[in-house]
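Subject: Structure handover

Hello,

Here is the structure for your files. My notes on what was found follow below it.

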Amino acid sequence: MSEPINVVVTGAAGQIAYSLLYQLAAGTVFGPNQPINLRLLDIPPMMEVLKGVVMELEDLALPLLRDVLPTAEPAEAFKDAAAAFLVGAMPRKQGMERKDLLSANVKIFKVQGEALDQFARKDVKVLVVGNPANTNALICSHYAPSIPKENFTAMTRLDQNRAQAALAARLGVQVDSVQNVIIWGNHSSTQYPDAAHATVNKKSVLEAVNDNDWLNGNFLETIQKRGAAVIAARKMSSAMSAAKAAGDHMRDWWLGTKPGQWVSMGVVSDGSYGIPKDIVFSFPVTIENKQFKIVQNLSINDFAKMKLDATSKELQEERAEANDVLQK
């Protein structure tokens, strides 16, 4: 059994965390031999609710969970953190666009970046879930200069899972038969869900679906707007599926991807596929020894290039707006 690691969850009294915490404590994310200490960060008005969450964690009686600290102090939460799930952010409500969230959330991620820089381990793995996730991850990284940029990622795994499930439903197969769907760009309605390189039972999804109009129309729009559709139905944003995706993202980052498979993660662009540097952009990646590599040399047709340009443009605009907020 390894030594326990400190795992931070922000927004820990919220709905996504409520579904995420069991996964962490049960060992499905960091593995069955990795004990953890949970560091639960939320704002002062949520401390009473958080107390109830801690009671439930105790009542799970899970052997991997060694210690739980509820706190409203970033310095306490991020001390010696090995992994951090930055879930806490102003939630998106019906009718809101991600740009509406920027001004409130950018300031939160500045504070958390500074706390990570000062208190966390330098090899900490940071996953930003709170929206706008890509730009929040960029801001957080900027304010933690002593931690490598590649240690900050944004979650597009929920979009990947949605796309994988939609293709499996269309083809009438088990969801794990579909592999290597890609989410390019922003976790927003400009993202590009790309099935061009995906496989179903190791054969081409393009050939199996045999309907480019559906792939470039209904499929694309359904995945791009799925978050809004969930909000319209639930009157709240995705929680259970978002928590599952956060666990999937960190598990693959921590334990590695399977040979021949890749996953989508928002990472700081290195210029691959002509994407401007210094935006957090979702690419397909493979992971080994806790290090990801962007999958290279995939063919990008004109339709895909147009979609990549559109989502890249939005991310550059978000970055500029975030910088404006921080300078006020």
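Helices (H or I, at least four residues) and strands (E, at least two) are DSSP runs, numbered from the N terminus. The model is predicted, so local features need pLDDT of at least 70 and side-chain atom pairs count only at pLDDT 80 or more, while totals for chains, interfaces and linings use all residues. Residues are numbered from 1 along each chain as its sequence is written, and side-chain values use heavy atoms, with hydrogens and water left out.

Overall picture

The protein chain has eleven helices and 14 strands. Its C-alpha trace spans about 50 × 45 × 40 Å along the principal axes. The radius of gyration is taken over C-alpha atoms, and the globule rule is 2.2 Å times the number of residues to the power 0.38. For 328 residues that rule puts a compact globule near 20 Å; the protein chain has 19 Å, which agrees. Buried means under 20% relative accessible area, exposed over 50%, and partly exposed in between (1.4 Å probe, protein chains only). Contact means heavy atoms within 4.5 Å. Of the contacts with a separation of 6 or more, 74% are between residues 24 or more positions apart.

Strands of a sheet pair through backbone hydrogen bonds, either parallel or antiparallel. Here two strands are said to pair if DSSP finds at least two bridges between them. Strand S4 (residues 81-86) pairs with S5 in the parallel sense over four bridges. S5 also pairs with strand S6 (residues 152-154), again in the parallel sense, over three bridges. Val128 of S5 is the bridge partner of Leu86, and Val128 also stands opposite Ala154 in S6. From S5 the chain crosses through helix H5 (residues 133-142) to S6, and this β-α-β crossover is right-handed (with the strands pointing away from the viewer, the path from the first strand over the helix to the second runs clockwise).

Within S5 (residues 125-128), Lys125 and Leu127 point one way and Val126 and Val128 the other, and all are buried. In the loop between S5 and H5 lies Pro132. The peptide bond from Asn131 to Pro132 is cis, with omega near -5 degrees.

A three-stranded sheet

An open sheet is formed by three strands in the order S7-S10-S11, with antiparallel pairing. Strand S7 (178-179) and strand S11 (203-204) stand at the edges with a single partner strand each, so one side of each is left without a neighbour in the sheet. S7 and strand S10 (residues 199-200) run antiparallel and are joined by two bridges; Gln179 stands opposite Thr199 in S10.

Asn201 is in the loop between S10 and S11. Its phi is positive, about 50 degrees, although Asn201 is not a glycine. Asp80, in the loop between helix H3 (74-77) and S4, likewise has a positive phi, near 55 degrees. Asp80 is partly exposed, with a relative accessible area of 40%. For background, most residues other than glycine have a negative phi, and most peptide bonds are trans.

Thr10 is in strand S1 (residues 5-10) and is buried, with a relative accessible area of 1%. Apart from neighbours within four places in sequence, Thr10 is in contact with Leu41, Phe78, Phe85, Leu86, Val87, Gly88 and Gln112.

Asp159 lies in helix H6 (residues 157-171) and counts as buried at 1% relative accessibility. Leaving aside neighbours within four places in sequence, the contacts of Asp159 are Ile183, His187, Gln191 and Ile223. Asp159 and Val87 are 72 residues apart in sequence and 16 Å apart in space, C-alpha to C-alpha.

Helix H11

The expected span of a helix is 1.5 Å times one less than its number of residues. For the 26 residues of H11 (residues 302-327) that gives 38 Å, and the end C-alpha atoms are 38 Å apart, which agrees. At the N-terminal end, Asn301 caps H11, with a side-chain oxygen 3.2 Å from the backbone nitrogen of Phe303 (a polar contact is a pair of N or O atoms within 3.5 Å; within protein, one must be able to donate a hydrogen and the other to accept it, and residues adjacent in sequence count only if both atoms are side-chain atoms). The buried residues of H11 include Ala304, Leu308, Thr311, Leu315, Ala322 and Leu326.

Regards
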